[in-house]
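Biologist: Please give me a close look at one side chain and the contacts it makes. After that, carry on to other parts of the model that can be described in the same terms.

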Amino acid sequence: MTATTVTDLYPTRGATEVATPRQDPVVWGAPDAPGPFGPADLHAFERDGFLALDELIGEDEVAGYRDELNRLVDDPDVRADERSIVEPKSQEIRSVFEVHRISEVFARLVRDERVVGRARQILGSDVYVHQSRINVKPGFGASGFYWHSDFETWHAEDGLPRMRTVSVSIALTENYATNGGLMIMPGSHKTFLGCAGATPKDNYKKSLQMQDAGTPSDEALTRMAADHGIKLFTGKAGSATWFDCNAMHGSGDNITPFPRSNVFIVFNSVENAAVEPFAAPVRRPEFIGARDFTPVR
């Protein structure tokens with residue numbers, strides 16, 4: 001069902017690819033608002049669409065979260081759950097969604113002021129979790145995530161009206177330049193790229209393994225890369241990257257022996273609650289796009 005009560009500021013999934021200038025702020029909160037980020041941090045985030053932290057959580061904490069990740073991945077009940085997505089070739093777990101509801105350990109991380117406090121500063125309001133997951137990239141062939149804007153999907157298929165959503169990826173293993181790290185085009189968050197092609201029914205069942213609908217053309221990506229360049233993120237376990245919902249990003253395959261596992265949390269403003277999808281026949285399941293807008297406390 002297409003949304004009819006909310007103006008669609010960001011058309012996508014039509015007959016042609018269309019670039020639209022961003023209609024929303026990047027940082028919604030006041031630059032001097034109290035919180036873990038300083039004014040210079042927020043300025044850098046506004047300019048680039050991301051901000052990397054060398055250490056968000058300490059080594060002792062990392063060990064606990066990594067143990068919990070391994071416990072979840074090894075649990076046959078978790079593997080059998082629809083919230084677990086497996087690699088198409090190896091059948092190893094690729095992602096576990098709604099991890100903050102499955103695991104109290106990760107629920108505490110979501111509520112940690114070092115995490116949620118930064119989200120409130122960027123979004124200028126109380127926030128709820130639109131999506132959470134652990135991304136597991138074991139060595140020797142784990143597949144990557146193709147170039148995309150998260151907001152394009154969240155707008156088209158989940159019904160998020162505005163760009164008032166922020167993600168944080170926290171490394172639970174070291175992220176090297178060689179094991180499938182996150183890549184972002186700095187400044188790409190200032191332009192929305194509406195992709196061509198209709199959304200298939202139950203598209204999420206395929207897209208969570210391999211992105212197809214909602215992916216930019218090679219020509220558009222070439223232009224964007226020429227305009228913005230590409231930043232590859234590396235860092236020790238415990239480091240984190242905050243990035244805007246509309247930043248063009250992706251990651252490569254991991255063919256090294258070194259695993260790359262991260263916990264990924266998406267915060268959305270309570271003032272930007274999801275409506276009906278803007279360019280999809282039905283909503284995605286709630287474990288992918290939440291409909292519980294209860295603020296994180």
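**Gln 121 and beyond**

Modeller: A polar atom of the Gln 121 side chain lies 2.7 Å from the backbone nitrogen of Phe 37, a polar contact (N or O atoms within 3.5 Å, one able to donate a hydrogen and the other to accept it; residues adjacent in sequence count only if both atoms are side-chain atoms). The model is predicted, so local features need pLDDT of at least 70 and side-chain atom pairs 80 or more, while totals for chains, interfaces and linings use all residues. Residues are numbered from 1 along each chain as its sequence is written, and side-chain values use heavy atoms, with hydrogens and water left out.

The side chain of Gln 121 also has a polar atom 3.3 Å from the backbone oxygen of Ala 33. Gln 121 itself belongs to helix α6, residues 113-123 (helices are DSSP runs of H or I, at least four residues; strands are runs of E, at least two; both are numbered from the N terminus). Its relative accessible area is 4%, so Gln 121 is buried (under 20%; exposed is over 50%, partly exposed in between; 1.4 Å probe, protein chains only). Leaving aside residues up to four places away in sequence, Gln 121 touches Val 27, Gly 29, Ala 33, Pro 34, Gly 35, Pro 36, Phe 37 and Leu 42; a contact is heavy atoms within 4.5 Å.

Burial also marks helix α7. Ala 156 lies in α7, residues 150-158, and counts as buried because its relative accessibility is 0%. Nine of the nine residues of α7 are buried, among them Asp 150, Glu 152, Trp 154, His 155 and Asp 158. With residues up to four places away left out, the contacts of Ala 156 include Thr 12, Arg 13, Phe 151 and Pro 277, and also Phe 278, Ala 279 and Ala 280. The C-alpha atom of Ala 156 is 10.0 Å from that of Ala 198, 42 residues apart along the chain. Just after α7, Gly 159 has a positive phi of about 85°.

Next, the sheet. Three bridges join β6 in the antiparallel sense to β12, residues 248-251. In β12, Ser 251 is the bridge partner of Phe 145.

Last, the largest pocket. It holds about 340 Å³ of space, and of its 20 lining residues His 100, Arg 101, Val 129, Asp 292 and Thr 294 are the closest to the centre. A pocket is an open set of points on a 1 Å grid over the protein atoms alone where a 1.4 Å probe fits, with protein on both sides within 12 Å along at least five of seven lines; lining residues have an atom within 4 Å of a point. Volume is the space filled by probe spheres set on the points, joined across faces, edges and corners. The elements α4 (99-102), α5 (104-111) and β5 (127-137) each give at least two residues to the lining of the largest pocket, and β5 supplies the largest share, five residues.

Conventions:
Pairing = 2+ DSSP bridges.
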